[in-house]
Amino acid sequence: MPRLALTINGQPQTLDAAANTLLLDLLRERLHLTGSHRGCDTAQCGACTVRLNGKAVKACNVLALQADGGEVQTVESLSQSTKTGKTWHPMQIAFSKHHGLQCGFCTPGMLMRACAMADEGVPAEDGAVRQGLAGNLCRCTGYEGIVGAVCEGMRLMRGEVVEATDAGL
Ligand code: FES
Ligand code: FES
């Protein structure tokens, strides 16, 4: 069984995994990082989106072996626990402020794709954001809130606007 060495949410990990193990299964079943959701299992919905070496990928469509030596970030990496509570990522704050979620099933994937888009230089504009999110589906169809959240989240991440509120988080 291949031995993998990778960094997950900043932590070095060494794991044995069968050659056909999906990255999503490694994260959810082996490491109990269940924030990455399994929706379609066929690379259609984006609920399983994580970042691999900075790029947004669908973890149901990537072998764990393909991540060997790489750096994986899951939605769990976005917030930090502190003595006084949690510190939320600017994109999470924007989702809360704009009501960018309903049932929340698509949200982890949306957040990870949105953060990658911010780093890719996608303009914080309605059309560009909708195009960037084309591979992430929301079954609750709350796209208006999601797009508004991603636009503001990208501006916050780029320092173009100041974080004015934590939106009650
Ligand atoms: S579960 Fe991976 S894209 Fe739907
Ligand atoms: S908020 Fe329910 S699937 Fe998107």
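This is a predicted model: local features need pLDDT of at least 70, side-chain atom pairs count only at pLDDT 80 or more; totals for chains, interfaces and linings use all residues.
Residues are numbered from 1 along each chain as its sequence is written, chains are lettered from A and ligands numbered from 1 in the order in which they are written, and side-chain values use heavy atoms, leaving out hydrogens and water.

**Exercise 1. The two domains**

Task: find the domains of the chain and describe the area buried between them.

Step 1. Start with the bounds, which come from an automatic or database domain assignment. Domain 1 covers 3-77 and domain 2 covers 80-157. Their centres, taken over C-alpha atoms, are separated by 20 Å.

Step 2. Now look at contacts, meaning heavy atoms within 4.5 Å. On one side 18 residues of domain 1 take part, and they touch 14 residues of domain 2.

Step 3. Turn to buried area, the accessible area (1.4 Å probe) that two parts lose on being put together, summed over both. Between domain 1 and domain 2 it is about 1200 Å², with carbon and sulfur atoms giving 59%. His37, Arg51 and Val75 supply 39% of what domain 1 buries against domain 2, more than any other three residues.

**Exercise 2. Polar links across the interface**

Task: work out which residues form the salt bridge between the domains, and what the domain 1 side is made of.

Step 1. A salt bridge is a side-chain nitrogen of Lys or Arg within 4 Å of a carboxyl oxygen of Asp or Glu. The rule finds 1 across this interface.

Step 2. Look at arginine 51 and aspartate 119: they form a salt bridge whose closest N and O atoms are 2.8 Å apart.

Step 3. Check how open each partner is, using relative accessible area (1.4 Å probe, protein chains only): buried is under 20%, exposed over 50%, and partly exposed in between. Arginine 51 is buried at 8%, whereas aspartate 119 is exposed at 54%.

Step 4. Arginine 51 sits in strand β3 and aspartate 119 in helix α3 (residues 107-120), 68 residues apart.

Step 5. Finish with the side of domain 1 that touches domain 2. Here β3 (49-52) and β4 (55-58) each supply at least two residues, and β3 gives the most, with 3 residues. The residues of this side divide into 5 nonpolar (Ala, Val, Leu, Ile, Met, Phe, Trp, Tyr, Cys and Pro), 3 charged (Asp, Glu, Lys and Arg) and 10 polar (the others, Gly among them).

**Exercise 3. Other salt bridges**

Step 1. Arginine 3 and aspartate 16 meet at 2.9 Å, N to O. Arginine 3 lies in strand β1 (residues 3-8) and aspartate 16 in strand β2 (residues 11-16), so this pair ties together parts 13 residues apart in sequence. Arginine 3 is exposed at 58%, and aspartate 16 is partly exposed at 29%.

Step 2. Lysine 97 pairs with glutamate 152, with closest N and O atoms 3.0 Å apart. Because lysine 97 belongs to helix α2 (residues 90-97) and glutamate 152 to helix α5 (residues 143-157), the bridge joins parts 55 residues apart in sequence. Lysine 97 is partly exposed at 37%, while glutamate 152 is buried at 17%.

Step 3. Finally, Asp25, Arg38 and Asp41 are linked in a network of salt bridges.

Terms used
Helices (H or I, at least four residues) and strands (E, at least two) are DSSP runs, numbered from the N terminus.
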